[in-house]
Amino acid sequence: MTAPNFQQKTPLQPLYCNHDCYWIALNEYYQQTQRQEILAKWTEAEFDSYVVKVLFEKFGDKLDDQPLRVLGVGSSEGNQETLQLKKLKTKFSQISATVIEPSTERISKYQDMVRQNSSDITRIEYSWHNQTFHQFVTSMKAGQKYHFITIIHAIYFVGEVEDSVRKLYELLEPGGIIFLIAITGHTGMGFLMKTFPHLALEKQTPSATTEPQRVKTNYFTNSTVVQSILKKYQMAYTHASSYIESVDLTTYFTEEETTPDTKLMLDFITMTVKFHESEPGEIFNQVMDFIKRYIRVKKSDQGDDKYYFDTECDILVISK
Ligand SMILES: C[S@@+](CC[C@H](N)C(=O)[O-])C[C@H]1O[C@@H](n2cnc3c(N)ncnc32)[C@H](O)[C@@H]1O
């Protein structure tokens, strides 16, 4: 399908330019898709074999008194990262964790969690960077490298994708692993953004409020693009797994009044503030037609039809 060329009477406001709307929609998206729960289960079942075991075989007896160096990019509140660190801690007694997160609110929550948690994650040496990936890279010590880099649903924000993948790889110790999760380009949101490129146009990231922090985000970035870059530069990787993130759009399709939750999900998947309330026009109709075409209808336990929009996500394990 070629990209539609249309005009909208009222310009649509990118979700990314509205910090509050972005976080509200993201939180609702997390709840609906159960992203955190799905990933926590995956980490519990699979992280050891894909990451811990491999890193231990490579570095277990080579670190001497040095810590395993871990880098988190776009770590947010650290919910996923701390689960990974706990797993790593079972094999590596010393870990230094470098955390990059430009949102002050999110990184503070991560710090609070570490302070309050009595488990193994407190016995890790943290270095906090309340900045963007780009800022971190430009200010870091030359030659610094990491044994493990984790970037979960943050590759969309760190800048031009090819440069970012190459930079991440450069920061990796030989023998190390990059753990990357991203949406695919051929399903759900990734396909929507590809079909309606103006929705995915580069925008400021939600957390970047000050001038030097302004970095563009690019929702054209997806795991399909990342994998083509990895192949281009012959960077070895394993496609460890895929999972689906589903949002419930039932009330848009079945009720006269779309509920606030469904409206928020329409905002999130289109990356547009108040998409549902935007002045109906060609753009709105074409995007909704697209969504309708890819909707999955499923019977609820009560026998009603439920309408889901699914986005597939890939878990990639990149090694050097
Ligand atoms: C969708 S969240 C994912 C958070 C976390 N990795 C997780 O899985 O729960 C993306 C995170 O990337 C952060 N971010 C935005 N722009 C960034 C940038 N330029 N560099 C690094 N992180 C960025 C956001 O503040 C946000 O916390």
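Visitor: Hello! What separates Asp112 and Arg115 in helix 4 (residues 104–116)?
Guide: Welcome! This is a predicted model, and in it Asp112 forms a salt bridge with Arg115, the closest N and O atoms being 2.6 Å apart. The two residues are three apart in helix 4, so the separation is about one helical turn.

Visitor: How many salt bridges does the model have?
Guide: Side chains of opposite charge can pair when their charged atoms come close. Here a side-chain nitrogen of Lys or Arg has to lie within 4 Å of a carboxyl oxygen of Asp or Glu. With this rule, the number of salt bridges is eleven.

Visitor: Are Arg35 and Glu245 buried or exposed?
Guide: Buried means under 20% relative accessible area. Arg35 has 7%, and Glu245 has 0%. Both values are under the cut-off, so Arg35 is buried and Glu245 is buried.

Visitor: Which strands does the salt bridge of Glu173 and Arg69 tie together?
Guide: Glu173 and Arg69 form a salt bridge, their closest N and O atoms being 2.6 Å apart. The two residues are 104 apart in sequence, so the pair ties together strand 5 (residues 172–183) and strand 1 (residues 68–73).

Visitor: Is helix 1 parallel, perpendicular or oblique to helix 2?
Guide: Helix 1 (residues 19–33) packs against helix 2 with the axes 5 Å apart and at an angle of about 55 degrees. That angle makes the arrangement oblique.

Visitor: Which residues of helix 2 meet helix 1?
Guide: The contact residues divide into three nonpolar, two polar and one charged. Helix 1 brings Tyr29, Tyr30 and Thr33, which meet Arg35, Gln36 and Ile38.

Visitor: Which exposed residues does helix 8 carry on the face turned away from its buried side?
Guide: In helix 8 (residues 223–232), Ser223, Val226, Gln227, Ile229 and Leu230 are buried. Their arc is only 160 degrees around the axis, so they lie on the same side of helix 8. Strand 5 and strand 8 are among the elements covering them. The face turned away carries Lys231 and Lys232.

Key: Residues are numbered from 1 along each chain as its sequence is written. This is a predicted model: local features need pLDDT of at least 70, side-chain atom pairs count only at pLDDT 80 or more; totals for chains, interfaces and linings use all residues. Side-chain values use heavy atoms; hydrogens and water are left out. Buried means under 20% relative accessible area, exposed over 50%, partly exposed in between (1.4 Å probe, protein chains only). Helices (H or I, at least four residues) and strands (E, at least two) are DSSP runs, numbered from the N terminus. Axes are lines fitted to C-alpha atoms, for helices over the stretch in contact, and angles run from 0 to 180 degrees between N-to-C directions. Angles under 35 degrees count as roughly parallel, over 145 as roughly antiparallel, 65 to 115 as roughly perpendicular and the rest as oblique. Contact means heavy atoms within 4.5 Å. Ala, Val, Leu, Ile, Met, Phe, Trp, Tyr, Cys and Pro count as nonpolar, Asp, Glu, Lys and Arg as charged, and the others, Gly among them, as polar. The arc is that of the directions from the helix axis to the C-beta atoms.
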